[in-house]
Amino acid sequence: MYGEDLDLCAKVKHSGFGVWYHPITSIIHFKGKSSGKRSVASRLAFYQAMILFSRKYRQTYGTFFPDWLISFAVLLQAGITLGTGMVAHGKAVIIDIVCINSMLVLSLLIRFDFFKFNNPYDISNAGMMLFMHLFCSSCYIGALVYRKVYRRDRAVLVNVLAAGTGASVVFMAFLFFVKSMAYSRIAFGFAALGITACLALWRLMVPRALGHIRKFMYSTGRVIVLGNGPIAKRLLKDLEADPTAAVLGIIWPQSGKLPSEMNGYPVLGSLSDIPRILARERCNVLLIASDEAWYSYVISALSSHSVKDLTVRWVPQELCGLAPANLPASIPLKDFSV
């Protein structure tokens with residue numbers, strides 16, 4: 001898996017033929033469907049294919065770099081990619097562990113300081129308290145894993161609260177049989193409530209806070225919209241509400257006689273004019289809201305002109321035929337990459 005398209009193109013070229021892009025043929029590629037359930041194995045297979053391709057065609061096309069250096073570079077890139085992915089997936093676990101143990105420490109210190117008991121974290125209790133922290137963390141992390149909260153599609157508030165409640169029951173039931181912790185059960189009870197609340201609250205508050213920070217730090221910039229239907233008009237309204245966006249104009253999806261403006265914005269040209277328009281206007285964002293075959297024109301523009309820092313985002317084609325009343329409240333946009 002992976003690399004077979006490169007291999008085929010290399011064989012075609014080596015046989016004296018040319019590799020062509022055919023813009024009329026339409027294929028829907030559900031990216032990641034084959035590798036979604038085995039993401040690590042698929043990543044390793046991807047980089048293994050790069051090494052195989054390099055070794056297979058090194059003598060055919062020649063290269064200045066030795067085999068070992070190319071393999072080392074590919075393996076280094078694989079390590080960086082896999083490591084970054086593991087950190088990204090592990091961030092939620094790390095935050096959960098910090099929340100669990102911080103709430104546990106806070107509850108115990110408040111309890112024992114208020115009633116003037118000895119510090120539970122005295123050196124004589126170090127072994128027991130370490131065990132309690134490990135057991136408590138295991139209960140909650142295990143419950144979150146069981147409820148599949150760390151999967152993006154299952155990280156809903158109901159699952160988090162259910163996992164927190166279940167872990168609290170298990171944790172408190174265990175404490176009932178630990179007589180040395182009899183004076184701490186009230187503190188552990190409040191800690192269990194606080195942990196469940198923290199696990200839910202940070203998932204509720206952090207994404208919103210990050211969204212506000214991104215809006216504050218980043219600006220949309222100069223935008224061109226390709227399309228003339230209801231979705232294009234909806235996107236224009238959204239852009240008008242964005243103080244960091246400046247709409248330069250509209251690209252008309254059909255050829256022929258063009259109107260001079262749409263919704264008060266100038267029509268800059270048609271589909272075939274995309275390379276010229278992007279080279280001239282220096283826009284930051286191209287929003288595509290049309291089911292016309294725009295792929296080849298965008299690829300041509302990106303390959304033949306020095307278009308820097310351009311973000312291309314497009315509306316899924318299944319939405320383009322919907323009536324305005326049936327459109328979702330928030331129009332989803334996909335990133336276009338070559």
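The legends below describe close-up views of a predicted model. Local features need pLDDT of at least 70 and side-chain atom pairs count only at pLDDT 80 or more, while totals for chains, interfaces and linings use all residues. Residues are numbered from 1 along each chain as its sequence is written, and side-chain values use heavy atoms, with hydrogens and water left out.

**View A. Strand E5 and its two partner strands.** Strand E5 covers residues 285-288; strands (E, at least two residues) and helices (H or I, at least four) are DSSP runs numbered from the N terminus. E5 pairs in the parallel sense with strand E1 (residues 221-226) over 4 bridges, where pairing requires that DSSP finds at least two bridges between the strands. Leu226 has Ile288 of E5 as its bridge partner. E5 also runs parallel to strand E6 (residues 311-314), joined by 4 bridges, and Val285 has Thr311 of E6 as its bridge partner.

**View B. The two faces of E5.** In a regular strand the side chains alternate between the two faces of the sheet. Val285 and Leu287 lie on one side of E5, Leu286 and Ile288 on the other, and all are buried (under 20% relative accessible area; exposed is over 50%, partly exposed in between; 1.4 Å probe, protein chains only).

**View C. The nonpolar cores.** A nonpolar core is a set of buried Ala, Val, Leu, Ile, Met, Phe, Trp, Tyr and Cys residues joined through side-chain atoms within 4.5 Å. The largest has 29 residues, of which Tyr140 and Leu199 touch the most other members. Helices H3 (67-114), H4, H5 and H6 each supply at least two residues of this core. A second, separate core of 21 residues includes Val223, Val225, Leu287 and Val315.

View D. Not counting residues up to four places away in sequence, Leu199 touches Asp96, Ile100, Tyr140, Leu144 and Val160; contact means heavy atoms within 4.5 Å. Ser137 lies in helix H4 (residues 126-146) and is buried, with a relative accessible area of 12%. With neighbours within four places in sequence left aside, Ser137 is in contact with Ile100, Asn101 and Gly142.

**View E. A nonpolar surface patch.** Leu157, Leu161, Leu201, Leu204 and Met205 form this patch, with about 420 Å² of accessible area together. Helix H5 (157-175) and helix H6 (185-217) are the elements that give two or more residues to the patch, and H6 gives the most, with 3 residues. Leu201, in helix H6, is partly exposed, with a relative accessible area of 47%.

Note on methods:
Patch = residues over 30% accessible without salt bridge, like charges linked within 9 Å, V, L, I, M, F, W, Y side chains within 5 Å. Areas by Shrake-Rupley, 256 points an atom, 1.4 Å probe, with all protein chains shown as cover. Salt bridge = Lys/Arg side-chain N within 4 Å of Asp/Glu carboxyl O.
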